[in-house]
Amino acid sequence: MRHVSDSAISLTRSGCTRSHEAQAATTASAYLERPATHPGVTYLSLNRPQAKNAISLRLLEEFRQCLDEVQFDKGARVLVLRSSTSGAFCAGADLVERRSMSKAQVDKFLLDLRAALAVLENLPLPTLAAIDGPALGGGLELALACDLRVAGHAVTKIGLPETRLGIIPGAGGTQRLTRLLGLAKAKRLIFTARTLDAAEALGIGLVDYVSAPGVSAVDKALEVASDIAQNAPLALRAAKQAISRAPELSLDSGLDFERASYEPLLHSRDRVEALDAFREKRKPVFRGE
């Protein structure tokens, strides 16, 4: 069963196909949608169901176009990366396509994938990965570039199996996994090439949420995204910026950066709206201004 929202975002470039109908969007390997019932939430859907959303040259190109589009979309407050079909996420690089590529083509693919994941990681809005099926190799690296990860209750294959294939994670897995879990846990997962189920991934902190039985990761991610999207967009962006810089700064430098991120918010319209709403005992209406 396909996850299709009531209103597809219409995009103008190839890959992220702009259309007022969700069906037109699904001809792309990656596309953006807005669920009509959840304002502020945008889906970035991977759409190669026959290949378990393995990352092909076309999917990577269209994925990058979607990222370029959403980072300048003021209506997007939270991004959910998901599969267009249930029971899937991303099985990694397309190894069938890879066999026909020259070394130069592989090198370029890896460089482009690295760049795309850097854009995903550095998007100004919060991002969630909804893992409803295997997240292996490059698929898990996609999820690691998101701020939060949600796994479906029945998911059984989450991991970085590259050493079993004679390589190592090549799109940030060795670096992002280590920063997330620490040296020992990252080494254990990468050295053994072991795959985890959802509960095991939650237990070591690889994912942040696991859906209840019978509930998809997309539905759980949408619940979390909706909680986030009701907050002030400028504050969310400033918070993400300050938190993301924390690991690379000393405490004093981090506190200075936090203050620099905090200061402009005091003069925003959303800050005034929040104070007015508190005084009037009503829910604030944030506009990202």
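This is a predicted model: local features need pLDDT of at least 70, side-chain atom pairs count only at pLDDT 80 or more; totals for chains, interfaces and linings use all residues.
User: OK, how many salt bridges does the structure hold?
Analyst: The structure holds 14 salt bridges. A salt bridge here is a side-chain nitrogen of Lys or Arg within 4 Å of a carboxyl oxygen of Asp or Glu.

User: Which residue meets Glu62 in a salt bridge?
Analyst: That is Arg58, with 2.7 Å from N to O.

User: Where do Glu62 and Arg58 sit?
Analyst: Both are in helix H2 (residues 57-70), 4 residues apart, so about one helical turn separates them. Helices (H or I, at least four residues) and strands (E, at least two) are DSSP runs, numbered from the N terminus.

User: Is Glu62 buried or exposed?
Analyst: Glu62 counts as buried, at 7% relative accessibility. The cut-offs are under 20% relative accessible area for buried, over 50% for exposed, and partly exposed in between, using a 1.4 Å probe and protein chains only.

User: What about Asp68 and Arg64?
Analyst: Their side chains also form a salt bridge, at 3.2 Å from N to O. Asp68 and Arg64 lie in helix H2 too, 4 residues apart, which is about one turn of the helix. Asp68 is partly exposed at 24% relative accessibility, and Arg64 is partly exposed at 30%.

User: Which residue does Asp208 pair with?
Analyst: Asp208 forms a salt bridge with Arg149, at 3.8 Å from N to O. Asp208 lies in the loop between helix H8 (198-204) and strand E10 (209-210), and Arg149 is in strand E7 (residues 148-151), so the pair ties together parts that are 59 residues apart in sequence. Arg149 is buried at 4% relative accessibility, while Asp208 is partly exposed at 31%.

User: Switching topic. How many disulfides are there?
Analyst: The structure holds 0 disulfides. The rule asks for a pair of cysteine sulfur atoms within 2.5 Å.

User: Are Cys90 and Cys146 buried or exposed?
Analyst: Cys90 is buried, at 0% relative accessibility. Cys146 is buried as well, with a relative accessible area of 5%.

User: Now domains. What does the assignment give?
Analyst: The chain has domain 1 (30-230) and domain 2 (233-280); such bounds come from an automatic or database domain assignment. The C-alpha centres of the two domains lie 27 Å apart. The contact between them, meaning heavy atoms within 4.5 Å, takes 12 residues from domain 1 and 4 residues from domain 2.

User: How much area do domain 1 and domain 2 bury between them?
Analyst: About 640 Å², with 53% of it on carbon and sulfur atoms. Buried area is the accessible area (1.4 Å probe) that two parts lose on being put together, summed over both.

User: How many salt bridges cross that interface?
Analyst: The rule finds 1 salt bridge across the interface of domain 1 and domain 2. There are also 3 residue pairs in polar contact between the domains, both residues at pLDDT 80 or more. A polar contact is a pair of N or O atoms within 3.5 Å; within protein, one must be able to donate a hydrogen and the other to accept it, and residues adjacent in sequence count only if both atoms are side-chain atoms.

User: Last topic. Where is Ser45?
Analyst: Ser45 is in strand E3 (residues 41-46) and is buried at 0% relative accessibility. Its side chain makes a polar contact of 2.8 Å with that of Arg82. Leaving aside neighbours within four places in sequence, the residues in contact with Ser45 include Tyr31, Glu33 and Ser84.

User: And where is Arg176?
Analyst: Arg176 is found in helix H6 (residues 173-181). This arginine is buried, with a relative accessible area of 14%. A polar atom of the Arg176 side chain lies 3.4 Å from the backbone oxygen of Ala171.

Methods. Residues are numbered from 1 along each chain as its sequence is written. Side-chain values use heavy atoms; hydrogens and water are left out.
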